[in-house]
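Hello,

Here is the structure we spoke about.

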Amino acid sequence: MKMMSGAAMVVEALKDVGVTHVFGYPGGAVLDIYDALFAQDAVKHVLVRHEQAAAHMADGYARATGQTGTVLATSGPGATNTITGIATAYMDSIPMVILSGQVPSMHIGEDAFQETDMVGCSRPIVKHSFLVKRAVDIPEAIAKAYYIANTGRPGPVVVDLPKDLVNVQDEHAYHFPEKIALRSYNPTLKGHPKQIKKAVASLVKAQRPVLYVGGGSVASEASAQVIALAERLQAPVTCTLMGLGAFPGTHDQFVGMLGMHGTLEANKAMHNADCIIALGARFDDRVTNNVSKFCPHADIIHVDIDPASISKTVNAHIPVVGAVDKVLDQMLSYLKQHDLADQSSKVAEWWEQINQWRSRQCLNYTDSAETIKPQKVIQSLYKHTHGDAYVSSDVGQHQMFAALYYPYKKPRQWINSGGLGTMGFGLPAAMGVQFAHPDALSVVVTGDGSIQMNIQELSTCLQYNLPIKIISLNNRALGMVRQWQDMNYQGRHSHSYMDSMPDFVRLAEAYGHVGIRVTHPDELEDAMQRCFSYTDRLVFMDIEVDQNEHVYPMQIKFGAMDDMRLSKTERT
Amino acid sequence: MKRIISVLMENAPGALSRIVGVFSQRGYNVDSLCVAPTADASLSRLTIITHGDDKIIEQITKQVNKLIDVLKVVDLTEGTHIERELMLIKVATRTESVRAEVKRNTDIFRARIVDVNVSNYTIEITGTTEKLDAFSSTLGQCAEIIESSRTGVCGLARGERALRP
């Protein structure tokens, strides 16, 4: 049994878990842990400029790899700064462990300097949390935290570490548990055979089936199974904002994203389907529109690892609790017993209908010779990255353009804050992606509003030499807010206009990076070319886009899924 | 409709606040709550009285069950069950006639006088919520109620069914 200090135990436990990167910021309560980090190089520490960004980096790292991201912050403000990042991860079920410093045990509750009840603050937005009471419990708490974070429905876990437990003087016996077993936590992975049979029977019978693929398909690495099921049934596939990439955006059977800004064909297919199988999706309000008008003709099969997600907003006719990959394995093997020889004739009429909706080409937009259309920038980005980049997005119009106009081929390629909609997420997330995949192309699609919410991380990018490409769609406004004001507030642009915009090119240069400004459509292609020719530098592309462009299609409030505006003047 | 949700959970710090948190975060009602360690001191048993339609109750049981500290959740109202609540109630008994009337009602309800003072009685009563409500209202008609304290409902399923780890 090794003897070591509490601080050394923290670092040793991280090594035993297999943590490669810790995103953090030092401070009083964690100085001992930082001292222990200093003495080794197995766990790489990334010094951020703001703890919120540390959480988003850990999040981006987790989304790009499926591995748990790790955050280290000091007590009080350090810990509370991570809250938005924790909430972001919680809403999107991202595995993350947050190690927060805490004031010494004997001072807890005294309103000590930099004291915050972190376990209390984070309680509604974590999967679980630990306030460690004894130094010898540190390894087990950390082991459990990682186990809980990345099993079942993943999520963030906080480990709060009082300073007296991690002091470098007192030594304790280190014991890392080989196996974690919790009597109160046993996620169901395999689906119930009876439910699998029912689901398959319903799918086989269906003449207008749709696969509705969500983030759970990404989390459970179920892409291969999703493709197999789709091809076996010859069914159209739509992905949620969180599910993009789980089914290739370039596949013939892909009908696009669904929901508020989904394609006409995806929303129409959902509304007219006779059988919908939801795979790790949660019938979010941004998908369903008015639930009482949601998919009136469909038998709904809902596969989800979290029983609480099933029948929460929309009643499932056939609930299947389990991990998407495992459940689909079961379904595919059961499907083998079925003769699907006439499947293509069975769905022929359905495809005829879908192709008719497709022919409307709802993503077409009117290009301009004078101003740059944001959609065009994303299409150009796709071309210049051959569709292979990791694309992290901020939140707003640019996020929807990046979701709609860049077909993602693989899961984990598209990284965005779907549930919480956190502006300021994009840049740090792309940094986390770059740390996880140093040789890959990590791109941020952002806007002039979002980028300024964590722009200080440009400094971190220089320190760690991250060659990220920032594609900023600058419309001198908070585009999505402006769009809603145009549509619902008679064009009164209350505080959605950003005056006194910084010179982003000079700002990027001030941080030691390359800045490129593009103002005219004719310059776009050359500028993109230049941007991606800098293989070892961060490039900030400040692209002046049309301020009046809206994101379409867009569902009409209180309507059915397929009640949509298709442009400023057309609706379904 | 009134529901009795019974929860078996780790007797760990923070476990109770997590359960209460689920109710406040998600806007569910708590009519009463009763919690104590079980015979196995590493576990606590918690009983929550709540109300809502079937969809809400289903969500409550699922969301509570999802908490890492929670081992089992059951809606006792789904089957036959026993429910009990305890109340201590203090009434002013300044005159002989009030004392007699309070004593009579206490006997009728099979309650017990557990503290006697010059000017008041404290009475203990156990039963269903409805019985306690009836007793309280009956006493209120013959004497001045000084204060009362109730434990909230606890319950067990009848017969073989049990909430065990």
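**Backbone points in chain A**

A:P553 sits in the loop between β20 and β21 (554-555) of chain A. The peptide bond that joins A:Y552 to A:P553 is cis, with omega about 0°. Please keep in mind that this is a predicted model.

Some residues of chain A have a positive phi. As background, most residues other than glycine have a negative phi, and most peptide bonds are trans.

- A:Q234 is not a glycine, yet its phi is positive, near 55°. The residue belongs to the loop between α10 and β10 (237-239) of chain A. A:Q234 counts as partly exposed because it has 18 C-beta neighbours inside 10 Å.
- A:F283 is not a glycine either, and its phi is positive at about 50°. Its loop runs between β12 (275-279) and α12 (285-288) of chain A. Buried or exposed, with 25 other C-beta atoms within 10 Å of A:F283? Buried, because the cut-off is 20 or more.

**Helix α16 of chain A**

This helix covers residues 374-385 of chain A. Its 12 residues, at 1.5 Å a residue, should span 16 Å. The C-alpha atoms at its ends are 17 Å apart, so the two values agree.

Which residues of α16(A) are buried? They are A:P374, A:Q375, A:K376, A:V377, A:I378, A:L381 and A:H384.

**A helix pair in chain A**

Two packed helices are described by the angle between their axes and the distance between the axes. Here, α10 (residues 223-233) and α13 (residues 324-335) of chain A pack at about 30°. Their axes are 9 Å apart. The crossing of α10(A) past α13(A) is left-handed.

From α10(A), the contact takes in A:Q225, A:V226, A:A228, A:L229 and A:R232. From α13(A), it takes in A:D325, A:L328, A:D329, A:M331, A:L332 and A:L335. By class, the residues of this contact are seven nonpolar, one polar and three charged.

**The sheet of chain B**

Chain B has an open sheet of four strands, in the order β2-β3-β1-β4. The pairing is antiparallel. Its edge strands are β2 (32-37) and β4 (70-75) of chain B, each of which pairs on one side only. On average, neighbouring strands are turned by 15° against each other, direction ignored.

Strands β1 (residues 2-10) and β3 (residues 43-51) of chain B share nine bridges, in the antiparallel sense. Within this pair, B:V7 faces B:L46 of β3(B).

Helix α1 (residues 15-25) of chain B packs on the sheet and touches β1, β2 and β3 of chain B. The direction of α1(B) makes about 150° with that of β1(B). Helix α2 (residues 54-66) of chain B lies across β1, β3 and β4 of chain B. The angle between α2(B) and β4(B) is about 165°.

**Where the chains meet**

How many residues of chain A are in contact with chain B? There are 14, and they meet 17 residues of chain B. The chain A side consists of seven nonpolar, three polar and four charged residues.

Best wishes

Technical notes:
Residues are numbered from 1 along each chain as its sequence is written. Chains are lettered from A and ligands numbered from 1 in the order in which they are written. This is a predicted model: local features need pLDDT of at least 70, side-chain atom pairs count only at pLDDT 80 or more; totals for chains, interfaces and linings use all residues. Helices (H or I, at least four residues) and strands (E, at least two) are DSSP runs, numbered from the N terminus. The expected span of a helix is 1.5 Å times one less than its number of residues. A residue is buried if 20 or more other C-beta atoms lie within 10 Å of its own, exposed if 12 or fewer, and partly exposed in between; C-beta atoms are placed from the backbone. Two strands pair if DSSP finds at least two bridges between them. Axes are lines fitted to C-alpha atoms, for helices over the stretch in contact, and angles run from 0 to 180 degrees between N-to-C directions. Two residues are in contact if their C-beta atoms, placed from the backbone, lie within 7 Å. Ala, Val, Leu, Ile, Met, Phe, Trp, Tyr, Cys and Pro count as nonpolar, Asp, Glu, Lys and Arg as charged, and the others, Gly among them, as polar. A crossing is left-handed if the near helix is turned anticlockwise from the far one by less than a right angle, and right-handed if clockwise.
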